[in-house]
Amino acid sequence: NNDTIIIPTGTIILTANLPVITEPATVTGQGMDVSIVDGDVGAYTVFRAADSDLTIQGLTISGFLNVALQFSGANSLEVSSLEIDGTNSQTNNAFAHGGLLAAASSVVINNTYVHSISFSGLSFSVFGMVFQAVQGATSDVSITNSTVQGITSQDTSVVGISLATGLLDGSLTPGYINFDIQNTTISNLNGGAAGALGIASLPAVNGGDSEININAQNNTLSAI
């Protein structure tokens, strides 16, 4: 079964964290900047899914807490026509803050706009998107026709798109990522003294081998 969640026109301001999605679901809005789900100026988490297929399309996520869209499990994530606006986002952890974090067997992202995420005083990074593979898993990630823009910090490293194995969960276990990115723009990243990277490959492992394969075509990286 696949549940369908329709987001209407207008802005939905959350009054609590949305529950974690644990069954296959399709979330469909009426368009970017037309259907808006807002975490009330960083008070609440928005979309989280675990161990289930998820499709999310045609909406804007704004004002989120920690990460706008977080996905984990040996399943598939499909994202299209999605805006992640970090203007009023916040974090309550000291590690990282960003737009999209996924650990999945398959990730397909198209026509997605991640922008205006800024935070300081974190130990790891402020990011646009992070994809990770751990415990020997393989993750196939495809991004097309998308933009990551305006990710900033005064003192924390900034990454537009990060590819990590065994790092973010602290396991240092092997993982394998096949990453394809086409017709995508990454721009206006600034990490202050900590620096910024457009695309970062972070195959951290303690015992065994990790592998990250990157195929990049017709992309633009600027002001980094």
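Biologist: Before we start, what do the values rest on?
Modeller: This is a predicted model, where local features need pLDDT of at least 70, side-chain atom pairs count only at pLDDT 80 or more, and totals for chains, interfaces and linings use all residues. Residues are numbered from 1 along each chain as its sequence is written, and side-chain values use heavy atoms, with hydrogens and water left out.

Biologist: Which residues touch the most other members of the largest nonpolar core?
Modeller: Phe47, Phe131 and Ile161, out of 46 residues in that core. A nonpolar core here is a set of buried Ala, Val, Leu, Ile, Met, Phe, Trp, Tyr and Cys residues joined through side-chain atoms within 4.5 Å. Buried means under 20% relative accessible area, exposed over 50%, and partly exposed in between, with a 1.4 Å probe and protein chains only. Another core, of five residues, lies apart from the largest one and includes Val67, Ala96, Leu101 and Phe127.

Biologist: What is Asp38 in contact with, leaving aside neighbours within four places in sequence?
Modeller: Thr11, Ile12, Ile13, Leu14, Ser62 and Gly63, where contact means heavy atoms within 4.5 Å. Asp38 sits in strand S4, residues 35–38; strands are DSSP runs of E, at least two residues, numbered from the N terminus.

Biologist: Switching topic: how much space lies in the largest pocket?
Modeller: About 170 Å³. On a 1 Å grid over the protein atoms alone, a pocket is an open set of points where a 1.4 Å probe fits, with protein on both sides within 12 Å along at least five of seven lines; lining residues have an atom within 4 Å of a point.

Biologist: Last one: is Ser81 buried, partly exposed or exposed?
Modeller: Partly exposed, at 26% relative accessibility. Ser81 lies in strand S7 and has a positive phi of about 50 degrees although it is not a glycine. Gln135 also has a positive phi, of about 55 degrees, and is exposed at 59%.

How values were computed: Helix = DSSP H or I, 4+ residues; strand = E, 2+ residues; numbered from the N terminus. Points joined across faces, edges and corners; volume = space filled by probe spheres on them.
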